[in-house]
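Have the model open as you read.

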Amino acid sequence: MSPSPLSRAFAGLTGRSRTAPAPSPAGQRPPGRLVWCHVAGGCDVETLIELARDMAESHPVTLLVTGLGEREAIHDESDGVLLFRAPPVAGRTAARAFLAAWRPDAGLWVGPPDNAPLLTTLGTACPTTLIAAGDDRLAGADRATRAALRLVAEIWVGSTSVAGAARATGIGPSRIRVTGPLFAPPAPPPCIESDRAELAERLAARPVWLAARPAADELPHVLAAHRAALAIAHRALLLLMPGEDCPEDAALAERLASQGFSTASRAEGEEPADSTEIYLTDRLSPEEDGLWFRLAPLCYLGGTLTTGTPVQPAAPAAALGSAITFGPHGEGEAATLARLAGAGAARALADGAALPAAVSELLSPDRAAELAAAAWTEISEGAAVISRLATHLGTQLETGGAI
């Protein structure tokens, strides 16, 4: 049985040759099938690597990627190739020269239709699929954008509301497909299984939650939340993964002790005792991140209650079965966090004052499991969408768009 799209995605990229010389001289079209993929937003290189890899299982293919800048080619060991080029500049002459050089067999537009002339070029050249996550550029689209959208073979949308916006532009219902988000789930961080098993046995009877890299300014909110947790479950344990600007471990432990908390430190070789209320993880051992996300049914994402501080990504917690709560400042994680919250897979907080109540509620095993299951579904759906898109594009390559 072949591995599922999600299991392949979680296998990570370590077994691949990530960069290699382009398979043909710069600017020259490689032999075989070629899909022109223009990224207008909402897609990263890892997602395109997964798409090329899925397609390569049945169709040796090159993805010509525009919109992400020019960079080295990526050559997957299973023969999926990504070439990165600048899109043609405005004007028919440049567009014709670009198409004559690359001769795409199928097209993919990811993101809002924010460049009607370029979308027209792509839609005219080959059967094209457009992936639209939101309706911000579909609702109220101007005449040129509407005309370009009519050239698209299919539009894939993330919700029924976006589907309605697509229909309002004049796209027939038969050309609209409601799917999930297009993104490749990152590989979850690993851990040493013997460490996980030993700590899981030690903590089996205790409510455990994780504060993942909170900033120093967030510590008062985190500690207030843990006091609330201890008030309802006196054996609750906080796994504290200190953020970059938090005090060094010795000073942090002293500060916590001065506030009445019993602590232990992983960096000092200590294990959490029955009386330990806060366990400091080893900030110099990020390779242990997977251990803490696996042990904690609930995770607060650090950096989301402040501005200008690094934000802990949501994917490791979601992939490893931890319920998620976060503040109003997602920075680069904002789109992922909004998607998780919208799917009922994470708890969004208006401010730090809301963290104690959220932690107290989500320490309930049933409530935490509900959010964790929804987060798993949401984050794993992207791999299934990539697989369906690969099959769809493969069919277009075989039939010339007659699907």
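Two strands count as paired if DSSP finds at least two bridges between them. Keep in mind that this is a predicted model. Look at Phe326, for instance: its bridge partner in E15 is Ala348.

Now zoom out to the whole sheet. It is open, has seven strands with parallel pairing, and runs in the order E11-E12-E10-E9-E13-E14-E15. The edges belong to strand E11 (263-265) and strand E15 (347-348); each has a single partner strand, so one side of each is left without a neighbour in the sheet. Over by E11, helix H9 (residues 249-258) lies across strand E10 (237-241), E11 and strand E12 (278-280), and H9 runs at about 175 degrees to E12.

What about the core? In soluble globular proteins, nonpolar side chains tend to be buried together. Here the largest nonpolar core has 31 residues, and Leu210, Leu239, Trp292 and Ile324 touch the most other members. Several elements give two or more residues to this core, including E9, E10, strand E13 (298-301), E14 and helix H14 (365-399). The largest share, four residues, comes from H10. Leu210 is worth a click: leaving aside neighbours within four places in sequence, its contacts include Leu239, Met241, Trp292, Phe293 and Tyr300.

Next, a helix pair. The axes of H8 and helix H13 (residues 355-362) come within 8 Å and cross at roughly 40 degrees. Angles under 35 degrees count as roughly parallel, and H8 and H13 are therefore oblique to each other. The crossing of H8 past H13 is right-handed.

Most residues other than glycine have a negative phi. Arg213 has a positive one, and so does Glu331. Both sit in loops: Arg213 between strand E9 (208-212) and helix H8 (219-232), Glu331 between strand E14 (323-326) and helix H12 (334-342).

| Residue | Phi | Relative accessible area |
|---|---|---|
| Arg213 | near 55 degrees | 26% |
| Glu331 | near 50 degrees | 45% |

Key
Residues numbered from 1 in each chain as written. Predicted model: local features only at pLDDT ≥ 70, side-chain atom pairs only at ≥ 80, totals over all residues. Heavy atoms only, no water. Buried < 20%, exposed > 50% of the residue type's maximum accessible area, 1.4 Å probe, protein only. Contact = heavy atoms within 4.5 Å. Axes fitted to C-alpha atoms, helices over the stretch in contact; angles between N-to-C directions. Core = buried A, V, L, I, M, F, W, Y, C linked by side-chain atoms within 4.5 Å. Parallel < 35°, antiparallel > 145°, perpendicular 65-115°, else oblique. Left-handed = near helix turned anticlockwise from the far one by under 90°.
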